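User: I have a structure open and would like to go through parts of it with you. Could we begin with the pockets and then turn to the helices?
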Amino acid sequence: MRLIPDIYVHKIEDIPYDKLKEEGIKALVFDLDNTLATLDEKACPERVKKLINKLNKDFTCFIVTNGNGKRAKPYKDKLNIKIISMALKPFTKGLRELEKKYHLKKSEMVIIGDQLMTDILSGKRFGIKTVLVDPLAKKDLKMTYFNRFIENKIIKHYEKKDLFKRWRYYE
């Protein structure tokens, strides 16, 4: 299985949401850390609140995080969205939970995140559309540094075969 995202953009604001809506996407599944906010941001950034409020008119937005939910609670409260914590990405546990609990079809879901080894792999394994964004900051959780190491090796392999290149964005 190739870990090539279906869409690759710089940041969440660059995602072609109109195109996703046209394709029948109804659920936007966001990663939290370094996708919506940096690790240092304890409160939800205003730019994220504005975007999610706008998106909630056409989509149902979720946060799926590997964390225990404590970090995500301020985002849940400020954004008034559902959160699945302890998702165990790259496994599909969190995505399966969303699908069943909210009666979603895989064809209606997209996962949006900053890591090939968790977000994109989880989406590919589950069989949904994937969107990769660049990480918002260099600071990561300790486990993520290992994932980034593996991710960089995969990207170098893909670059040699001209399958994927960092900083070459596409929709």
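User: What is the volume of the second largest pocket?
Analyst: The second largest pocket has a volume of about 290 Å³. Please keep in mind that this is a predicted model.

User: Which residues line the second largest pocket?
Analyst: The lining consists of Asp134, Pro135, Ala137, Lys138, Asp140, Tyr145, Arg148, Glu151, Asn152, Arg166 and Trp167.

User: And how many of the lining residues are nonpolar, polar or charged?
Analyst: Six are charged, four are nonpolar and one is polar.

User: Let us take Arg148 from that list. Is Arg148 buried or exposed?
Analyst: Arg148 has a relative accessibility of 11%, so this residue counts as buried. The cut-off for buried is under 20%.

User: Where is Arg148 found, and what is Arg148 in contact with?
Analyst: Arg148 belongs to helix H6. Apart from its neighbours within four places in sequence, Arg148 contacts Asn34, Asp114, Gln115, Pro135 and Asp140. Among these, Pro135 and Asp140 also line the second largest pocket.

User: Now the helices. At what angle do H5 and H6 pack?
Analyst: Helix H5, residues 116-126, packs against helix H6, residues 142-160, at an angle of about 65°. Their axes are 9 Å apart. The angle makes H5 roughly perpendicular to H6, because angles from 65 to 115 degrees are classed in that way.

User: Which residues meet there?
Analyst: From H5, Leu116, Met117 and Thr118 meet Asn147, Ile150, Glu151, Ile154 and Ile155 of H6. By class, this contact has five nonpolar, two polar and one charged residues.

Notes: Residues are numbered from 1 along each chain as its sequence is written. This is a predicted model: local features need pLDDT of at least 70, side-chain atom pairs count only at pLDDT 80 or more; totals for chains, interfaces and linings use all residues. Side-chain values use heavy atoms; hydrogens and water are left out. Axes are lines fitted to C-alpha atoms, for helices over the stretch in contact, and angles run from 0 to 180 degrees between N-to-C directions. Helices (H or I, at least four residues) and strands (E, at least two) are DSSP runs, numbered from the N terminus. Angles under 35 degrees count as roughly parallel, over 145 as roughly antiparallel, 65 to 115 as roughly perpendicular and the rest as oblique. Contact means heavy atoms within 4.5 Å. Ala, Val, Leu, Ile, Met, Phe, Trp, Tyr, Cys and Pro count as nonpolar, Asp, Glu, Lys and Arg as charged, and the others, Gly among them, as polar. On a 1 Å grid over the protein atoms alone, a cavity is a set of points where a 1.4 Å probe fits but cannot get out, and a pocket is an open set with protein on both sides within 12 Å along at least five of seven lines; lining residues have an atom within 4 Å of a point. Grid points are joined across faces, edges and corners, and a volume is the space filled by probe spheres set on the points. Buried means under 20% relative accessible area, exposed over 50%, partly exposed in between (1.4 Å probe, protein chains only).
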